[in-house]
Amino acid sequence: MNKITRLTAIAIAVASVCTSVLAEQISDDEAALRFRLKNELRRADKPSAGTGKNIYAWVQGGLVDFNSGYYSQFIGVEGGAYYVYKLGARDNMSTRWYLDDHESFGYALGALKIKAGDNVRLKIGRFGTDYSYGSLPWRIPLIGGSSQRTLPTVSEGALGYFAPTENFELWAMWRTRVFQWTDSATGIRDEGVYNSKTGKYDKHRTRSFLTASWHDDRSRYSLGGSVQRDVSHQLQSIIEQTIPLSSGYALKGELLGFYAGLDGLSRSSSQPNETALVSGQLTWSAPWGSLFASGGYLRHSMNGAVVDTDIGYPFSLSLDRNREGMQSWQMGANYRLTPQLTLTLAPVVTRGYESSQRDVQIEGMGLLSAVNYRVAEGPLSGMNIFLAADKGCEKRDGSSLGDRLNYWDVKMSIQYDFMLR
């Protein structure tokens with residue numbers, strides 16, 4: 001299919017939903033069918049990725065979510081079908097997990113829901129666990145994922161919720177299979193021991209999670225843990241506190257702590273077997289936008305296929321923030337030109353080491369800029385258009401990659417939701 005035909009297909013798909021109403025997130029208690037169209041383009045030069053440093057992917061995502069509510073206030077079902085269609089890719093460039101290598105891919109999900117009361121709920125099957133997608137009500141430590149690609153995080157197993165009081169809640173999950181944004185080549189895969197030689201999880205090990213959280217109107221304090229035999233034991237805490245100021249102004253502080261230790265077959269005789277991370281962010285909100293500052297420190301880097309340590313608040317499309325002994329610092333501003341149009345500018349600085357031997361130091365500096373526009377009126381009301389550009393450089397004296405690495409990255413995303421209730 002040539003590019004003109006592909007663009008025409010996108011235009012027809014968007015036109016078909018022009019009369020629909022802007023969708024909100026699906027409530028667990030309501031019967032609804034949501035369609036999401038998401039077009040994404042990524043073009044980048046990332047020298048630290050080695051042979052995959054040249055990146056190009058242009059994709060069209062189609063995501064359908066169904067929720068039945070609860071029949072007799074007791075039982076229900078939910079499901080979905082997600083697919084990423086290739087619009088553009090080049091054989092000599094990496095698609096960086098947007099596609100299955102250079103091909104389209106997708107998966108389906110479905111779960112049985114049981115509601116034993118307003119404060120007790122259970123899901124069994126394959127269900128979403130991506131808080132940025134809206135699968136979960138908030139960022140639940142370790143349980144909640146946040147996909148950086150078109151398709152969201154999905155878990156297979158059982159998810160339970162219990163709220164003994166209005167302000168205190170418990171979440172528990174037993175997971176046997178999972179899809180995370182780096183799993184585009186495998187689709188939904190078994191949880192288990194990662195084999196670095198084959199790139200597969202060839203020994204199946206289930207993973208168990210438990211999180212407790214207390215909250216009120218202005219704060220939330222959460223602590224979660226997970227255990228997975230022969231893989232890892234992990235702890236994560238998240239503290240959020242909002243202080244209202246004068247009318248239209250507020251100050252919000254966030255603090256994240258993380259610890260992971262490798263177990264059994266995943267332990268190494270030559271690399272660190274435990275790590276810790278601390279990261280925080282302070283945001284001052286005003287009627288015209290916000291100012292923010294964030295920082296993070298990672299003790300040891302680990303293989304992301306085993307333990308994900310790229311979870312701190314500083315963000316960059318280009319520069320790594322999860323290297324050995326890595327410090328990352330960022331300041332930025334979001335300025336609202338109109339209620340629909342927001343500009344972002346956020347420089348970032350990193351300091352760390354290329355490997356656990358700490359023989360090559362990394363000194364990085366970058367600048368992230370972004371524009372976000374949300375259509376407020378007309379048949380496409382609710383469509384969100386996002387464009388980001390990132391430029392960075394690193395000093396790595398003595399590195400096999402080169403003493404000076406220069407990065408650039410451009411990402412575009414156009415998303416439109418519509419709901420049938």
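In the predicted model, Ser72 counts as exposed, because its relative accessibility reaches 74%, which lies over the 50% cut-off used for that class. The residue is placed in the loop between β2 (54-68) and β3 (75-88), and the phi angle of Ser72 is near 55 degrees, a positive value in a residue that is not glycine.

A positive phi is also found at Asp230, where the angle is about 70 degrees although this residue, too, is not a glycine. Asp230 sits in the loop between β12 (219-228) and β13 (232-244); with a relative accessibility of 14%, however, Asp230 counts as buried, since the class requires a value under 20%.

Turning to the protein chain as a whole, the secondary structure consists of 1 helix and 21 strands. The radius of gyration is 22 Å, close to the 22 Å that the globule rule gives for 421 residues, and the chain is therefore as compact as a globular protein of that length. Along the principal axes, the C-alpha atoms fill a box of roughly 65 × 55 × 50 Å. Of the 421 residues, 44% count as buried, and among the contacts with a separation of 6 or more, 58% are accounted for by residues 24 or more positions apart.

The accessible surface of the protein chain amounts to about 20,000 Å², and 57% of this area belongs to carbon and sulfur atoms. As for charge, the chain carries 45 positive and 42 negative side chains, with the centres of the two sets lying 3 Å apart.

Methods. Residues numbered from 1 in each chain as written. Predicted model: local features only at pLDDT ≥ 70, side-chain atom pairs only at ≥ 80, totals over all residues. Heavy atoms only, no water. Helix = DSSP H or I, 4+ residues; strand = E, 2+ residues; numbered from the N terminus. Buried < 20%, exposed > 50% of the residue type's maximum accessible area, 1.4 Å probe, protein only. Rg over C-alpha atoms; globule rule 2.2 N^0.38 Å. Contact = heavy atoms within 4.5 Å. Areas by Shrake-Rupley, 256 points an atom, 1.4 Å probe, with all protein chains shown as cover. Lys, Arg positive; Asp, Glu negative; His and termini not counted. Charge placed at Lys NZ, Arg CZ, Asp CG, Glu CD.
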